[in-house]
Amino acid sequence: MSVQSGGPGGQTSVFMRGTNSNHTKVLIDGIDVGDPSSSNASFDFGQLLTQDIQKVEVLRGPQSGLYGSDAIGGVINVITKNGSGPPQASASLEGGSFDTFNQMGHVSGSLDQFHYAATIDHLHSGATA
């Protein structure tokens, strides 16, 4: 279950198996991204844009204990896109109601053993009275 306070970009928490949000460990490409400066060291999903995500793995149950005491509820591992092959580029623009505008640019590829992928993403949403 997830809970969001406010509109886009508001504090968003994920609760797994009936535990608090600080009992769900979040990894991006295997790196713990919990916020130690927040009151409960949980990850704010409200700031995570999805254009660069390739796959999301969710681990629930007793195996999550292998990741430490802050993974009692489970583990969410976000895997980002990986570059391969010849250089590729893409861009997109989206617009919607309530002054919503999303823009994205992506470039990826590989050269011998060097693989690269970079995404620039911007989301704006404002209320019109």
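A salt bridge is taken here as a side-chain nitrogen of Lys or Arg within 4 Å of a carboxyl oxygen of Asp or Glu, and by this rule the count comes to 2 salt bridges. The structure is a predicted model, in which local features need pLDDT of at least 70 and side-chain atom pairs count only at pLDDT 80 or more, whereas totals for chains, interfaces and linings use all residues. Residues are numbered from 1 along each chain as its sequence is written, and side-chain values rest on heavy atoms, with hydrogens and water left out.

Accessibility is described in terms of relative accessible area (buried under 20%, exposed over 50%, partly exposed in between; 1.4 Å probe, protein chains only). Lysine 25 is buried at 11%, while aspartate 32 is partly exposed at 40%. The other pairing brings together the side chains of lysine 55 and glutamate 57 at 3.8 Å, N to O; here lysine 55 has a relative accessible area of 41% and is partly exposed, and glutamate 57, at 35%, is partly exposed as well.

Aspartate 32 is also among the residues touched by valine 26, where contact means heavy atoms within 4.5 Å; leaving aside residues up to four places away in sequence, valine 26 touches Ile31, Asp32, Val33, Gly34, Phe43, Phe45 and Ile76. Valine 26 belongs to the largest nonpolar core, whose 7 residues are Val14, Met16, Val26, Phe43, Phe45, Ile76 and Val78. Such a core is a set of buried Ala, Val, Leu, Ile, Met, Phe, Trp, Tyr and Cys residues joined through side-chain atoms within 4.5 Å.

Strands are DSSP runs of E with at least two residues, numbered from the N terminus, and two strands pair if DSSP finds at least two bridges between them. An open sheet of 3 strands is formed in the order β7-β8-β9, with antiparallel pairing. Because β7 (88-96) and β9 (114-125) stand at the edges with a single partner strand each, one side of each is left without a neighbour in the sheet. Neighbouring strands of this sheet are turned by 5° against each other on average, direction ignored, the axes being lines fitted to C-alpha atoms and angles running from 0 to 180 degrees between N-to-C directions. Strand β8 (residues 100-111) is joined to β9 by 12 bridges.

Within β8 lies histidine 106, which is buried at 14% relative accessibility and has threonine 119 of β9 as its bridge partner. Polar contacts are pairs of N or O atoms within 3.5 Å; within protein, one atom must be able to donate a hydrogen and the other to accept it, and residues adjacent in sequence count only if both atoms are side-chain atoms. The side chains of histidine 106 and threonine 119 make such a contact at 2.5 Å, and a polar atom of the histidine 106 side chain lies 3.3 Å from the backbone oxygen of alanine 118. Residues touched by histidine 106 also include Asp52, Lys81 and Gln88.

Most residues other than glycine have a negative phi. Aspartate 29, in the loop between β3 (24-28) and β4 (31-32), has a positive phi near 50° and is partly exposed at 43%. Aspartate 112, in the loop between β8 and β9, likewise has a positive phi, about 55°, and counts as exposed at 69% relative accessibility.

Technical notes
Helices (H or I, at least four residues) and strands (E, at least two) are DSSP runs, numbered from the N terminus.
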